[in-house]
Amino acid sequence: MATSVVFVGVGGQGVVTLARWVGEAALSAGYDVRIAEIHGVSQRGGSVEVHLRFGEVYAAVVEEGGADYVVALEALEALRAYRYLKEGGLLVVNRRVIQPPGRWFNVEEVVEAIKRSGARSCVVPCFDVALELGSPVYENAVMLGILARLLGLPQPPGLDGRNREAFQRGFNLGASCRL
Amino acid sequence: MKSLLLGNEAIAYGVLAAGVAVAASYPGTPATEILETLERFKDRFVTWATNEKTAFELAYGAAVAGARSLVSMKHVGLNVAADPLHSSAYTGVEGGLLIAVADDPWMHSSQNEQDSRWYGLQSYIPVLEPSDPAEAYTMAKEGLSLSERLRHPVLLRSVTRVSHVRAPVEVEPPAPPRWGSFRRDPERLCLVPANARRRRAELVEKWRRVEETAAGYVWTEGEGDVVVVAAGVAYTYVKEALRRLRTEAKVVKLGMSVPVPPKVADLVGQSAVVVEEGDPVVEMQLRALGVRTAGKLDGFFPRYGELDVGRVAAGLAKALGIAYKPPTPPRPPMEPPPRPPALCPGCPHMGTFYVLKIATAGLNPVWSGDIGCYSLGVNMEQQDVITHMGSSLGLGLGIAVASRRFVVATVGDSTFFHSSLPQLVNLISSSVPILVVVMDNSYTAMTGGQPSPSRVTPVEKLTEALGIPTFVIDPARIKESVEAVKRAVEVVKQGRPAVVVSKRPCTLVALRRARAAGVEVPKYWVDVDKCVGCSLCYGLLRCSAIAPRGDRKAYIDPALCTGCGMCAEVCPTGAIKGERERWLEIWRQA
C-alpha cells in the first residue's frame with residue numbers, strides 16, 4: 001500500500017519545504033518515501049508542484065486521478081491540481097488567493113467553487129494563523145501540523161522555534177479537518 | 001542512518017565516498033545540485049566553470065593526470081562538451097573520470113529533450129543508468145572506480161525523476177581525495193592522426209571488454225512467461241505497473257544501458273517488452289542482438305515526454321493483451337487562471353526590458369534571445385528567437401546580415417561568458433551593427449544563483465578592451481537608463497555594434513542577503529486617489545507584484561513587493577510611493 005500526496009502552491013510559499021517535512025516525518029515513522037521536486041526557473045510567483053508518495057513505493061510521480069490528498073497552499077492552485085484527486089481523495093486548501101496576472105479573484109468565490117465541486121475538501125486558515133504568528137512564512141508549518149494529524153505522522157525531526165509553534169497550531173486545527 | 005537525499009545529492013556523496021578530488025560543472029537544471037553539494041567539501045578542488053566544455057576539459061585533464069574526477073552537466077550541456085568527450089574515449093584516463101549527465105524528458109526547464117545515451121554509443125563510453133537516488137549513490141561510487149579500472153571515462157545518465165527525487169539513501173563518509181601525478185605518454189595522449197588511428201582500433205577492441213563489464217550490471221527478478229526489460233527510472237514504473245495489472249513477469253533490469261551486453265539476449269530469450277525513458281536506445285541494441293521487442297519502436301510507449309505508472313501500465317497492457325482501464329482525472333469545478341512564468345517582482349531584467357522597449361520604440365527590432373531567466377521576455381513580446389546557450393549573438397548576427405533589421409541581442413552575464421565571447425569578437429571583426437545587451441545580474445540566477453565570472457571580470461572592462469562602444473546602465477533607474485540606451489541605439493544606427501551592460505544583482509540573492517543582515521526592504525504602495533488606471537506598471541513594466549483591481553487601478557501586494565521602485569519611476573501621475581535609495585545601494589553590493 002502507498003499513500004500519494006500532491007502539494008501545490010505559488011513560488012515563495014515554501015511548498016518544497018513542506019513536502020520535505022512531511023517526507024521526513026514519514027521516514028521517521030518507518031515508511032519508504034519518494035518526493036518528486038520540480039526545479040526550473042527560480043522565479044517567484046509561478047505555480048509549484050511537488051509529489052510525495054510513502055509506503056510501498058517505487059515511482060515518485062503521482063498520476064492524474066491518483067492522489068489520496070491534494071494539499072494546496074493557495075486556493076487557485078488547488079483548482080489546477082484538482083485533476084490529480086483520486087475518487088474519494090481529500091483536497092486540503094489554505095484559505096488564501098495570490099492574484100494571478102490579469103484578473104482579480106476573491107477568496108470566497110474560489111472557496112465556494114471548491115466546496116460546490118463535490119470532492120471531499122477541507123479549507124483551512126493557514127495564512128491567517130501564520131500572520132498571527134508574525135509572518136506569512138509560517139503558513140507551510142501550520143499546514144504541516146494539519147497534515148501530521150490527517151496522515152497520522154509525527155512531527156518531523158529538526159523543526160524549531162516559531163515553526164514548532166506553527167506546527168502545534170496546525171495540529172490542533174487538523175482535528176476539525178477530519179471528515 | 002538513512003536520510004532523504006535528492007538523486008543529485010546522492011551522486012555527489014557517491015563520488016565523495018570514492019575519493020573524488022576534482023569536480024567541475026556549469027549549472028543547469030536538473031543537474032545543478034551535484035556540484036552544489038560537492039562545493040561544501042573544501043578539501044577537494046570543486047569549481048563552476050565558464051561552460052560545459054571547459055568543465056569537461058578540467059576534469060578530463062585531472063583524470064589524465066591520475067586524479068579521481070567528476071564533471072556534471074545537463075543533457076544539452078553535453079553537446080557543448082561533445083568535442084573533448086569523444087577524444088577522452090581515445091586517450092582513456094589514468095584516474096577515474098565520471099561524467100554525470102542529467103536528462104530532462106518533457107523539458108521541464110530545457111529547450112529540447114535529448115537522450116544522452118546516444119553519446120555513449122557514439123563516443124564508445126559506457127553508460128550507467130540508476131533508477132532511484134539510492135542507486136544513483138551506488139553507481140556514482142562504483143562508476144568512478146570502474147572508470148579507473150577500465151582506464152576509460154564512464155557516463156552516468158540521470159533523468160529529472162532521479163536527479164530531483166528525494167528518497168532514503170544510506171551514505172558512507174567521504175573517502176580522502178585521490179590526487180594524481182602526470183606521466184608523459186604522448187603516443188596515447190597526443191591525438192595526431194598516426195596515434196589516433198591506433199587508438200581507434202584499440203577503442204573498438206576495448207568495447208568488447210566493456211560489454212563483459214556491462215554483463216555485471218544485469219539483474220533479474222520475478223518469474224513468468226513474459227519478459228520485461230527495464231532500464232533506469234523505467235524500472236520503478238514497471239514494478240508498480242505490473243502490480244496494478246496483477247501480472248507476473250520476469251523483469252530484467254539493466255543498470256548499464258550502453259552497451260547492452262550480448263549475454264542479455266540469452267537471459268531474455270526470443271522476445272521482450274522494453275521500457276526505457278527517452279529514445280529506444282536499449283530496444284535498438286536488443287533488436288541488433290536478434291531479440292523481438294515491443295517498446296517504443298512500434299509505439300507501445302510514447303517517444304516523447306516522461307513515462308509514468310499510467311503510461312507504462314497502458315503500454316504493458318497493450319503489448320501483453322491485458323484489458324486495462326486507466327483512472328479518469330476529475331475536472332475542476334472552475335477553470336484555474338493561467339499563472340504564466342514571469343520575471344520575479346523587482347527583477348532587474350524587468351527594468352532592462354522596459355528600458356529597451358522605450359529606447360527602441362519605432363525601430364521594430366528583432367529580439368534575439370538566449371537561455372536564462374530573461375527567456376521570460378518571451379511573455380513581453382521581447383524575444384523572437386531563443387534556441388540554445390549563446391544563440392542571441394550568434395543567430396542575431398546572421399539575422400542582421402540577412403534581413404538588415406535592427407537586432408537587439410539580449411544575453412545574461414553567465415551565458416555571455418559561457419558561449420558569447422568568441423561571437424562578440426566575431427561581431428566586431430565582421431563589423432555588423434547590432435545592439436548587444438548584457439543583462440548582468442552577477443549570478444547564474446536561473447539555476448538558483450551560482451556566482452558568475454562577471455563578479456571578478458567586469459563585462460564592461462572586457463567589451464571596452466575589445467574596442468566596442470559600451471554603455472553601462474542600472475536598470476532600476478529607468479529614466480537615466482532610457483537616455484543611455486538611446487545613445488547606444490544611435491551608435492548602431494550609424495553602422496557600428498554597441499554594447500549595453502545592464503548591471504544590478506539578482507533580486508532573490510539581494511533579498512536573501514538583506515534578510516541575513518536584518519536590512520528592512522521598503523514596500524511600495526499606490527495612492528488610489530492619484531492612480532488613473534493607465535496600466536503602465538502592471539501592463540507595460542509587467543511587475544508581477546502589481547495587479548489591476550476591478551477598477552483597473554493598481555494594487556501592489558506587500559508580500560511580493562521587493563522595493564525596487566521601478567513602478568514609481570514609470571508611473572506618470574506619481575501615484576506610486578515608497579523610499580528606496582538606501583536599499584538600492586545595499587542591493588547593488590549583493
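User: Why is Cys564(B) called buried?

Analyst: This is a predicted model, in which local features need pLDDT of at least 70, side-chain atom pairs count only at pLDDT 80 or more, and totals for chains, interfaces and linings use all residues. Residues are numbered from 1 along each chain as its sequence is written, chains are lettered from A and ligands numbered from 1 in the order in which they are written, and side-chain values use heavy atoms, with hydrogens and water left out. Buried means under 20% relative accessible area, exposed over 50%, and partly exposed in between (1.4 Å probe, protein chains only). Cys564(B) has a relative accessible area of 7%, so Cys564(B) is buried.

User: Which residues is Cys564(B) in contact with, leaving aside its neighbours within four places in sequence?

Analyst: Contact means heavy atoms within 4.5 Å. On that basis Cys564(B) is in contact with Gly346(B), Met350(B), Ala476(B), Arg580(B), Leu584(B) and Trp587(B).

User: What makes Cys567(B) buried?

Analyst: The relative accessible area of Cys567(B) is 7%, and therefore Cys567(B) is buried. Cys567(B) has its place in helix H22 of chain B; helices (H or I, at least four residues) and strands (E, at least two) are DSSP runs, numbered from the N terminus.

User: Where does UniProt place the feature "binding site"?

Analyst: The unreviewed UniProt entry places it at Cys543(B), Cys561(B), Cys564(B) and Cys567(B). They are spread over 25 residues of sequence, yet they cluster in space, with a largest C-alpha distance of 10.4 Å. From this set, Cys567(B) belongs to the lining of the second largest cavity. UniProt annotations may be inferred rather than shown by experiment.

User: What lines the second largest cavity?

Analyst: A cavity is a set of points on a 1 Å grid over the protein atoms alone where a 1.4 Å probe fits but cannot get out, and lining residues have an atom within 4 Å of a point. The second largest cavity is lined by 16 residues, with Cys531(B), Cys534(B), Cys537(B), Cys571(B) and Pro572(B) nearest its centre. The largest share of this lining, three residues, comes from H21(B).

Technical notes: 1 Å grid on protein atoms, 1.4 Å probe; cavity = no way out; pocket = protein on both sides within 12 Å on 5 of 7 lines; lining within 4 Å.
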